[in-house]
Amino acid sequence: MSSSSMRSFEYLESLPGTVFNRLYKQPSTALAIFRRMLPQLAKSFVMALLYMSRPLPVADLETWVCPGSRREQDTAIDLLERLQILKRTAEPNQPRSFVLTNPFAASLRHALTGGGNHKSFGVPANTKLQDQVTIPQLDDFARRQWEGVLGYMVGSTGIGLNDEGANLSPAVKHLLQYGGLILVRGRSVDITRDGFAFVLQEVNAQVWTILVLYLEKAEELSMDRVDVLSFLFMLGSLELGQGYSKANLTETQLQMLIDLGDFGIIYQHRPESESYYPTRLATTLTSDAGALRSATAGFDTALRSSTDDKGFVVIETNYRLYAYTSSPLQIAILSLFARLSTRYPNMVSGKLTRESVRRAINMGITGDQIIDFLYTHAHAQMRKSTATILPPTVVDQIRLWQIEGERMKSTAGFLFKDFLSAAEYEGTCQYAKDIGVLEWKSDAKRMFFVTRHEGIAAYLKSQKEKRREAG
């Protein structure tokens, strides 16, 4: 699951069952969650059960999965149950079975086969020729607004760089502060550790991070979160370059048009216009294949994979740095951890110093984040010249500069202990490792520490049921 899917999944997982019941009544929502948030095995289970007239016995479902892939099976079923797509049935004198929940199953069938008057995929507007907006115009608007947001976070306006006329509303700045992405002290704006991690993500993941923050804030403003979620999932199914009517939108969704326009996700000629246009930021929300890699290059080649992105950073063993870019945003990011000394029309040069790296670390940026940025954006020539890409001396020195001020690292999570047997401990611990939540373990004390507990709890419950059936 991608990082953007994980962030949205974590929010959905926290919702009560009544919200899911309303949410899944929209075919566009059911299709978006099916496309975006389910791994391939979970999708296979859903499609196999979608047109079945009766529940499928657990034993029959297990025959579809190779013996060596039981953990993948358990993970897929656990995810479907947490999203309230799949449920277990246990009728008298009948084997335990699985069945898809309604209205999810009915809505997904509607989405796949068409029909109905639900209008959950938007209503195209009859826009006059002179009022139509082209795709290049939409891309330019979205890029300008989104780079304006990122530029504000990294302080591009503070180093004399042009922010290309992006108009950020107070609501946008407040949302960034609310999410802990920036720290505002008077007129000074500093990026936080979470903010720098946000900047390093692909644009699609960035958008979902902002939208989840918007959802959390919307609840405080008493906005209907089902309306908000339904509209966001609908946006991912709309066609780029097509105008859509506002006639069937709720009051909450009309307010969202204004709010999302500040981020470049929606375009309107005027707030009182009768139609709106989704930008590329909106139409790629529910598609990993169309995820944008960067705000600058991504709008020109939105479907290009990350391996095709051109690196621009060259760094030498003496810590000298050369960046072949004229992007104000990229230059501003470099200035967070490097001392830039010279700027040319298509290049900037500088140096990594103890002071510049320590300044970034004091802002909350980690050494690994700096290394990841340099690695991701390394120039093609560096990728050809060395196997390690980045000079080992530079990587080691960045980590040493960070260690200077580090003494302890805390991780929030959950401790599991008091297992009945060594076999139970070892099986559960291995499962935690397989799903990527294990942080620490002690075989001698039969205890381990994980960052998430839902999957472990579901695994223990399933093992208990199997023991009861066997006994």
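**Exercises on a predicted model**

A search of the whole structure finds zero disulfides, a disulfide being a pair of cysteine sulfur atoms within 2.5 Å. The model is predicted: local features need pLDDT of at least 70, side-chain atom pairs count only at pLDDT 80 or more, and totals for chains, interfaces and linings use all residues. Residues are numbered from 1 along each chain as its sequence is written, and side-chain values use heavy atoms, with hydrogens and water left out.

**Exercise 1.** Classify cysteine 66 and cysteine 429 as buried or exposed.

*Solution.* Step 1: buried means under 20% relative accessible area, exposed over 50%, and partly exposed in between (1.4 Å probe, protein chains only). Step 2: cysteine 66 has 52% relative accessibility, so it counts as exposed. Step 3: cysteine 429 is buried because its relative accessible area is 5%.

**Exercise 2.** Characterise the salt bridge between arginine 452 and glutamate 13.

*Solution.* Step 1: a salt bridge is a side-chain nitrogen of Lys or Arg within 4 Å of a carboxyl oxygen of Asp or Glu. For this pair the N to O distance is 2.6 Å. Step 2: arginine 452 is in the loop between strand 15 (447-450) and helix 21 (454-470), whereas glutamate 13 is in helix 1 (residues 3-13); the pair links distant parts of the chain, 439 residues apart. Helices (H or I, at least four residues) and strands (E, at least two) are DSSP runs, numbered from the N terminus. Step 3: with a relative accessible area of 22%, arginine 452 is partly exposed, while glutamate 13, at 17%, is buried. Step 4: both residues belong to a network of salt bridges that links Glu13, Asp78, Arg82, Arg452 and Glu454.

**Exercise 3.** Locate the salt bridge of arginine 143 and aspartate 140 within the secondary structure.

*Solution.* Step 1: the side chains meet at 3.0 Å, N to O. Step 2: both residues lie in helix 8 (residues 135-154), three residues apart, about one turn of the helix. Step 3: aspartate 140 has 34% relative accessibility and therefore counts as partly exposed.

**Exercise 4.** Describe the largest nonpolar core and the contacts of leucine 374.

*Solution.* Step 1: a nonpolar core is a set of buried Ala, Val, Leu, Ile, Met, Phe, Trp, Tyr and Cys residues joined through side-chain atoms within 4.5 Å. Step 2: the largest one has 115 residues, of which Leu235, Phe337 and Leu374 touch the most other members. Helix 11 (residues 203-220) supplies the largest share, ten residues. Step 3: leaving out residues up to four places away in sequence, leucine 374 touches Val313, Ile315, Leu321, Phe337, Leu352, Leu390 and Ile398, contact meaning heavy atoms within 4.5 Å.
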